[in-house]
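Me: I would like to go through the labels on this model one at a time. For each, please set the value against its cut-off.

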Amino acid sequence: VLFVYCIGLQAAAGFFRSLQRDGLPLNGAVMAALLAAAAGFWALAQAGIVSRELAAGLFCGSLTNTLALGAATEAAAHAGRPAGVVDQIVLGYG
């Protein structure tokens, strides 16, 4: 915790300065990339090229978002989906 606090003290001024200067265009570019990736994987699933579960895993893995992987597997497990479905999500992430 102390390490994170010290890094925050050291980097905060530069971070907020760059956010004010370039923040909106860079955040817009990230949002556009996320939406494009989501649309692409949704299209693959709708076309039947990959399963919905595999598309969800591919989306998580392409962005290396382990938290999203955890959310997708938990949602599948709580929805009563069989273990093979969760395995497909994890396979897509890998």
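Reply: What follows takes the labels in turn, for a model that is predicted.

Me: What makes Phe41 buried or exposed?

Reply: Buried means under 20% relative accessible area. Phe41 has 17%, so Phe41 is buried. Gly23, Ala37 and Ala45 of α1 are buried too, and the buried residues of this helix pack against α2 (52-62).

Me: Why is the pair of Phe41 and Phe59 called edge-to-face?

Reply: Two rings pair if their centres lie within 6.5 Å, and planes over 60 degrees apart count as edge-to-face. Here the centres are 6.3 Å apart and the planes stand at 75°, so both conditions hold. Phe41 lies in helix α1 and Phe59 in helix α2, so the pair ties together parts that are 18 residues apart in sequence. Phe59 has 24% relative accessibility and therefore counts as partly exposed.

Me: The structure holds two aromatic pairs. What makes Phe15 and Phe16 a pair, and of which kind?

Reply: Their ring centres are 5.1 Å apart, which is within the limit for a pair, and their planes are at 70°, so this pair is edge-to-face. Phe15 is partly exposed, at 47%.

Me: How do you know that Glu53 and Arg81 form a salt bridge?

Reply: The rule asks for a side-chain nitrogen of Lys or Arg within 4 Å of a carboxyl oxygen of Asp or Glu. The N to O distance between Arg81 and Glu53 is 2.7 Å, so the pair qualifies. Glu53 lies in helix α2 and Arg81 in the loop between α3 (66-78) and α4 (83-93), so parts 28 residues apart in sequence are tied together. Glu53 is buried, at 15%, whereas Arg81 is partly exposed, at 35%.

Me: Two salt bridges are present. Why are Asp22 and Arg21 also counted as a salt bridge?

Reply: Their N to O distance is 3.4 Å, which is within 4 Å, so the side chains meet the rule. Asp22 is partly exposed, at 33%, and Arg21 is exposed, at 58%.

Me: How many disulfides are there?

Reply: The count comes to zero, because no pair of cysteine sulfur atoms lies within 2.5 Å. Cys6 is partly exposed, at 40%, and Cys60 is buried, at 4%.

Notes
Residues numbered from 1 in each chain as written. Predicted model: local features only at pLDDT ≥ 70, side-chain atom pairs only at ≥ 80, totals over all residues. Heavy atoms only, no water. Buried < 20%, exposed > 50% of the residue type's maximum accessible area, 1.4 Å probe, protein only. Helix = DSSP H or I, 4+ residues; strand = E, 2+ residues; numbered from the N terminus. Contact = heavy atoms within 4.5 Å. Phe/Tyr/Trp six-rings, centres within 6.5 Å; stacked < 30°, edge-to-face > 60°.
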